[in-house]
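Have the sequence and the model open side by side for this one. We'll take it piece by piece.

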Amino acid sequence: MQEELIDRIYECSVVPELWPDVLDELAKLTDSIGGMLFSARKAVNWTATESVFDAFDTYVKDGWFEKCPRRTCMMGKSEPTFFVEQDFFSEEELANNPFYRDFFHPRNLGWSAGTLLQMPTGDNIVFSIERHLEQGPIERNHVDRLNELRPHLLRSAFVSTRLGLQRAQGASETLSKFGMPALVLDAQGKFVEANERAQSISDHVKFNEVGRHVAFSDRRAGAFLTSALETLDRVASTDSLSFPIRNQDGNAIFVGHVMPIKLAAHDIFANSYALLFFTPLDQNRPPSTALMRSLFDMTMAETRIAKGLMKGQTLKEIAADGSVSIATVRSQFSSVLEKTGCSRQAELVGLLANIALGQSEQPQKN
């Protein structure tokens, strides 16, 4: 059931008209009534289930989106999670909040679980699952189920929103509209097609028409891609499909993302297995904490480990601060190493220092 849903999530990446069906399924999983997906960069694009479409049509057209306290609150938080109202408001604050009092409550809405992704490309993506007012808040066990799917939802939605939530007619058009360096790969990891922007990273990622091999100047990135492709057909909710690509000085300059091509997406990417695309890291403007968590699919616990190491703490000190066992912290530390493509602690600390993972959050405007 979970694997089938993950496949459908990735299907939506280039077949965005299927998002309402997936949002409906997420709503059923959480005993809710519907959901929506918003993206904002130069313009606002959105889609929603039929059950809440009219409400969010008004939400956008009448300017509620611009003053939405949910979005502002999520921007001020750094945890990679779905949030609910209780994470931000007391019962009294909710009752007196004009947004809830005047917009949601008259429409029998007001309880939600939402998450936000901010990318260095300027893309801001919001998912929200909505519940009827009389049903009460979305429970923590339902939030946990959404969080298991969160990395896949955001990775797929990022591709969709780069395409303006519009289905392209073929692989070439999709890659061209995507607007970031990207390659389409077969099951052996050989490139099938690349867009023009891929040439801009040719010093670090090489591919050729003769052998169709993809090679990285950073050998660890190549090993990560090979491993990701080997498990892509059985991708689980906890799998990490993002990895750093370093220059000769060991500084991360890109993050590579591997996304499986599933179901109806093969109608666009025929005989293809995966989409590999690259997010640039601006060396003069380090990405925020929340952004790096999203790029590397770190959990909240894993991020706590990373931030502790950046402060110079030992694993024992991190365990004591978090009131968890040293065995648990060591397991989480191993996961952080794997997700960032590092082999030892000193290497990890150097990578995190380069990308300023420990910096405080600065909310961004759309």
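## Ground rules

This is a predicted model, so local features need pLDDT of at least 70 and side-chain atom pairs count only at pLDDT 80 or more, while totals for chains, interfaces and linings use all residues. Residues are numbered from 1 along each chain as its sequence is written, and side-chain values use heavy atoms, with hydrogens and water left out.

## The five-stranded sheet

Look for an open sheet ordered β7-β6-β12-β11-β10, with antiparallel pairing. (Strands are DSSP E runs of at least two residues, helices are H or I runs of at least four, both numbered from the N terminus; two strands pair if DSSP finds at least two bridges between them.) The edges are β7 (191-194) and β10 (242-246), each pairing on one side only.

Further in, β6 (residues 182-185) and β12 (residues 274-280) run antiparallel and are joined by four bridges. Here L183 sits opposite L276 of β12.

## Helix α13

Buried residues in α13 include V329, F333, V336 and L337 (buried means under 20% relative accessible area, with a 1.4 Å probe and protein chains only).

## E130

E130 belongs to strand β5 (residues 124-132) and counts as buried because its relative accessibility is 0%. Among the residues E130 touches, not counting those up to four places away in sequence, are R70, F104 and W111 (contact means heavy atoms within 4.5 Å).

How values were computed:
Buried < 20%, exposed > 50% of the residue type's maximum accessible area, 1.4 Å probe, protein only.
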